[in-house]
Amino acid sequence: MLLDIEKVIQGPESSLNLNPETFFKIYKPLRDFDNVTSATHEIVVNEFNKIFGTKYLPIDVRHWNVVRDWAMEKGLNKRDAEEIETHLWFNPDFLFKAKPIPGTCELSYWLYEKGLNFPIITSRKDVYVPYHNRFNTVKEATLEWMKIYEPWVPQKDIHFQENSEMPGNYFKAFMINKLAGGIYFEDSLDHAQTVLDYTDAIVVCLSDKMNLDNMGYKNLVRIASAGGNMPNLLPFYDWISRFDS
Ligand SMILES: [Mg+2]
């Protein structure tokens, strides 16, 4: 049985019974970037639909190779399909165009205003893409994106994977331990599972996939999509902000 995030913080089953501000003081919040902070799936799917005249939705992206598979279904050979895939997931100019995931930016502002931080841990890394103009690296594009949508977040709170040999999921678990994270927001089930296995953090997973639901993880909370929208933190933020008044 999965926990509601509200009940983790304050609720009948919770022994904590804390208000959210106190909770986040004790349980240091950390988060992923793609599809937790920035709505990457949305621009990837929209661009794919534009190229191929398809009508996929962001929630149809079940794994990142799906773009290659869809392109091959449209008749492209594997090499061309992989080229499209690389362009959509790694072109820094293109990634820069993503919009924020609803609720995350609001939660971030709420936390920083209270003197609490909401650092980002991202496994984004550079892969060679032939055409880009404005940004040379995904790091540059990501920092600029943050300056626009969350200018209150200092650059020291944005952690990139510098070691490209380390798998992204282990990098995240390593950083969560290093930063003493208490609650971590993630969208990838694989990454969530590694964090659950190797850290003591509560993991809030923004995902429709139920693979981890019945595996006995006591620290797992899952937020599913609703009404065709990608899973997001807006209902959670609305709940939290009610404690302010
Ligand atoms: Mg992600």
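User: What covers the buried residues of helix 10?
Analyst: Bear in mind that this is a predicted model, where local features need pLDDT of at least 70 and side-chain atom pairs count only at pLDDT 80 or more, while totals for chains, interfaces and linings use all residues. Residue numbers start from 1 along each chain as its sequence is written. Helices (H or I, at least four residues) and strands (E, at least two) are DSSP runs numbered from the N terminus, and packing here means contact, with C-beta atoms placed from the backbone and lying within 7 Å. The cover over those buried residues includes helix 9, strand 4, strand 5 (202-206) and strand 6 (220-223).

User: How many residues of helix 10 are buried?
Analyst: A residue is buried if 20 or more other C-beta atoms lie within 10 Å of its own, exposed if 12 or fewer, and partly exposed in between, using C-beta atoms placed from the backbone. By that count Leu189, His191, Ala192, Gln193, Thr194, Val195 and Leu196 make the buried list. Helix 10 is mostly covered, and its buried share is 7 of 10 residues.

User: How do helix 9 and helix 10 sit relative to each other: roughly parallel or oblique?
Analyst: Axes are lines fitted to C-alpha atoms (for helices, over the stretch in contact), with angles from 0 to 180 degrees between N-to-C directions. These two axes come within 9 Å and cross at roughly 40°. Under 35 degrees would be roughly parallel, over 145 roughly antiparallel, 65 to 115 roughly perpendicular, and the rest is oblique. The pair is therefore oblique.

User: Which residues of helix 10 meet helix 9?
Analyst: From helix 9, the contact uses Gly168, Asn169, Tyr170, Lys172, Ala173 and Ile176. By class the contact has 5 nonpolar, 4 polar and 2 charged residues, where Ala, Val, Leu, Ile, Met, Phe, Trp, Tyr, Cys and Pro are nonpolar, Asp, Glu, Lys and Arg charged, and the others, Gly among them, polar. The partners in helix 10 are Asp190, His191, Thr194, Val195 and Tyr198.

User: Beyond its neighbours within four places in sequence, what is Met175 in contact with?
Analyst: Met175 belongs to helix 9 (residues 168-178). It counts as buried because 21 other C-beta atoms lie within 10 Å. Leu30 is 145 residues away in sequence, yet the C-alpha to C-alpha distance is 9.7 Å. Leaving those neighbours aside, the contacts of Met175 are Ile121 and His159.

User: Is Ala180 buried or exposed?
Analyst: Ala180 lies in the loop between helix 9 and strand 4 (183-186). Its phi is positive, about 55°, although it is not a glycine. With 12 other C-beta atoms within 10 Å, Ala180 is exposed.

User: And Asn35, is that one buried or exposed?
Analyst: Asn35 also has a positive phi without being a glycine, at about 65°. Its place is in the loop between strand 1 (29-31) and helix 3. With 24 C-beta neighbours inside 10 Å, Asn35 is buried.

User: How many nonpolar, polar and charged residues are in the contact of helix 4 with helix 5?
Analyst: The axes come within 8 Å and cross at roughly 140°, which makes helix 4 oblique to helix 5. Val67, Arg68, Ala71 and Met72 in helix 4 meet Lys78, Ala81, Glu82, Ile84, Glu85 and Leu88 in helix 5. Sorted by class, that contact has 6 nonpolar, no polar and 4 charged.

User: Which residues of helix 11 touch helix 7?
Analyst: The axes of helix 7 (residues 104-113) and helix 11 (residues 234-241) come within 8 Å and cross at roughly 30°. That makes the two helices roughly parallel. Helix 7 contributes Glu106, Leu107 and Trp110 to the contact, and helix 11 contributes Tyr237, Ile240 and Ser241.

Key. Two residues are in contact if their C-beta atoms, placed from the backbone, lie within 7 Å.
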